[in-house]
Amino acid sequence: MDKPLTGENFTATRNACKLCAPLGACLAFRGIEGCLPFLHGSQGCATYIRRYMISHFREPMDIASSSFGEESVVFGGRQNLFDGLTHVIEGYKPEVIGIATTCLAETIGDDVNMYVKEYLSADRKIVDPPHILRVSTPSYAGSHADGYQWAVRAIVDQLAVDGPNEKFIGIFPGMVSPADLRHLRELMEDFEMDFSIVPDYSDPLDGPVWGDYHKIPAGGTPAREIAKLGRASAVIELASTIADKQSAASLLDEKFSTAVFRVGLPIGIRQTDKFCNVLEQITGRPLPAKHEAERGRLVDCYVDGHKYTFGKEVVIYGEEDFVVGMTAFCCEIGLKPVLCASGGKSGKLDECIREVAPELDAETPILEGIDFAEIEIAALNLKPDLLIGNSKGFSLSRKTGIPLIRFGFPIHDRISGPRSLHLGYRGAQRLFDTIVDKLMEMKQESNDIGYTYI
């Protein structure tokens, strides 16, 4: 393939393969019960993030803002933050407010921690004041996946408290779908564990229809359960490329000497086996029979469909942990990844992919900090059979004629985004069926007589 358009003289980004850090933080905050996300910055940032969240999850997503104007940029946003917090507390009555900073607030140097302390120390006569959580999320320092992880660590840091050890497990699922969160919950329950998923936005962002509008949707992880993480007997973090300084699990280990188990996103049989082995180790129980049966049906399906997937070439893109898990899955079903790409910049993508996908060709490019213009150049040269990633690759698919299979975030041109299951044996079954069905369809469509029996 041609050399990507990178180098010391190339600094522009065109159609980035990532979104902004505060978006990830807002998603994490939405997974806390009674929490309203709050952006310290301009109204436009909140509007942009709401647009992406609503188009993916198809649910209302209120995000408060301190609404910077020109005066705030010059003199700071202290008063804007005070006014915004007062309006939110009076209008929404949240149990928790999650403040994420934007690039503008970070650039002018607003000290949000100090502002919040000042706000809380004043006599405002607030009955049952909410927890006010803060996280620094400048987009020039990371992607939406980074912002999510920064927020989860901040949530745990500001809520978890020490105490006598309890037989209680915390799980940090990473940035996955509501369907994935529900499946993780089912799996943990089937292992008969006392656990908490942090955060859990499955109900707030994929709930039943409402009769009346809810300012803050029901559901999410209660703050009292997050407080228990300081006393947890163990925590499980589903992440591959995360740095210790981003990790909520590492924070708990540092502060409370909590036992930490870290595995990559359980996408496919091998990665799910690793995750289930951790659950077996923690609980001392074998894999529940229904999940063993799902694994067996999945293996049988691999055998049935392997002739369609073997040797087909794919380009995989998205968040780094997603790319790691999806590459491992593609390799185990016979697909051949010819490019693995992410807009993230952990410095660990290549190492993590090689570890979980030993079959991957040593010459396969694994690229961080990449944008869609670079992916397009690679795709035109590599001529893969499929693209696997989120909806932001649609323009590339349309231009090149390479079919796109939509997984990950955001999926805004299909309605299945919040119900897309990726994790566990059940998720692998859905992924495999979707990919094989697409390959069979392509074979039918490319045949001159359009045969009906394959």
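S67 sits in the loop between β2 and α3 (70-75), where helices (H or I, at least four residues) and strands (E, at least two) are DSSP runs numbered from the N terminus. The phi of S67 is near 50 degrees, a positive value in a residue other than glycine. At 36% relative accessibility, S67 counts as partly exposed; here buried means under 20% relative accessible area, exposed means over 50%, and partly exposed is in between (1.4 Å probe, protein chains only). The model is a predicted one, so local features need pLDDT of at least 70 and side-chain atom pairs count only at pLDDT 80 or more, while totals for chains, interfaces and linings use all residues. Residues are numbered from 1 along each chain as its sequence is written, and side-chain values use heavy atoms, with hydrogens and water left out.

R58 is another non-glycine residue with a positive phi, of about 60 degrees. The loop that holds R58 runs between α2 and β2 (64-65), and with 42% relative accessibility R58 counts as partly exposed.

One joins V198 and P199, with omega about -10 degrees, and P199 belongs to the loop between β6 (195-197) and α9 (223-227). Another joins F409 and P410, with omega about 0 degrees; P410 is placed in the loop between β13 (404-406) and α17 (424-445).

Next comes helix α1. Of its 10 residues, 10 are buried, so α1 is largely enclosed by the rest of the structure. The buried set runs through A21, P22, L23, G24, A25, C26, L27, A28, F29 and R30. The cover over these residues includes β1, α2, β3, β4 and α7, where contact means heavy atoms within 4.5 Å.

Two helix partners of α1 are worth a look in detail. Two packed helices are described by the angle between their axes and the distance between the axes. The axes are lines fitted to C-alpha atoms, for helices over the stretch in contact, and angles run from 0 to 180 degrees between N-to-C directions. Helix α1 (residues 21-30) packs with helix α2 (residues 43-57) at an angle of about 55 degrees, the axes being 10 Å apart. The pair α1 and α2 is therefore oblique, on a scale where angles under 35 degrees count as roughly parallel, over 145 as roughly antiparallel, 65 to 115 as roughly perpendicular and the rest as oblique. The crossing of α1 and α2 is right-handed; that is the clockwise case, whereas a crossing is left-handed if the near helix is turned anticlockwise from the far one by less than a right angle. On the α1 side P22, L23, C26 and L27 take part, and they meet I49, Y52, M53 and F57 in α2. By class, this contact of α1 with α2 has 8 nonpolar, no polar and no charged residues; Ala, Val, Leu, Ile, Met, Phe, Trp, Tyr, Cys and Pro count as nonpolar, Asp, Glu, Lys and Arg as charged, and the others, Gly among them, as polar.

With helix α7 (residues 144-159), the α1 axis comes within 6 Å and the two cross at roughly 45 degrees. That makes α1 oblique to α7, and the crossing of α1 and α7 is right-handed. The contact brings A21, L23, G24, A25, L27, A28 and F29 of α1 up against H144, G147, Y148, W150, A151, V152 and I155 of α7. The residues of this α1 and α7 contact divide into 11 nonpolar, 3 polar and no charged.

Helix α6 (residues 112-121) has V112, Y115, V116 and Y119 buried. Looking down the axis of α6, these buried residues fall within an arc of 95 degrees, so they line one face of the helix; the arc is that of the directions from the helix axis to the C-beta atoms. K117 and S121, on the other side of α6, are exposed. The buried residues of α6 pack against β1 (35-40), α4 (78-92), β3 (96-101) and β4 (131-135).

T86 lies in helix α4 and, at 24% relative accessibility, counts as partly exposed. Not counting residues up to four places away in sequence, T86 touches Y119 and R124.

E320 belongs to helix α13 (residues 320-332), and at 7% relative accessibility E320 counts as buried. Leaving out residues up to four places away in sequence, E320 touches T241, S342, G344, K345, S346, G347, L349 and E368.
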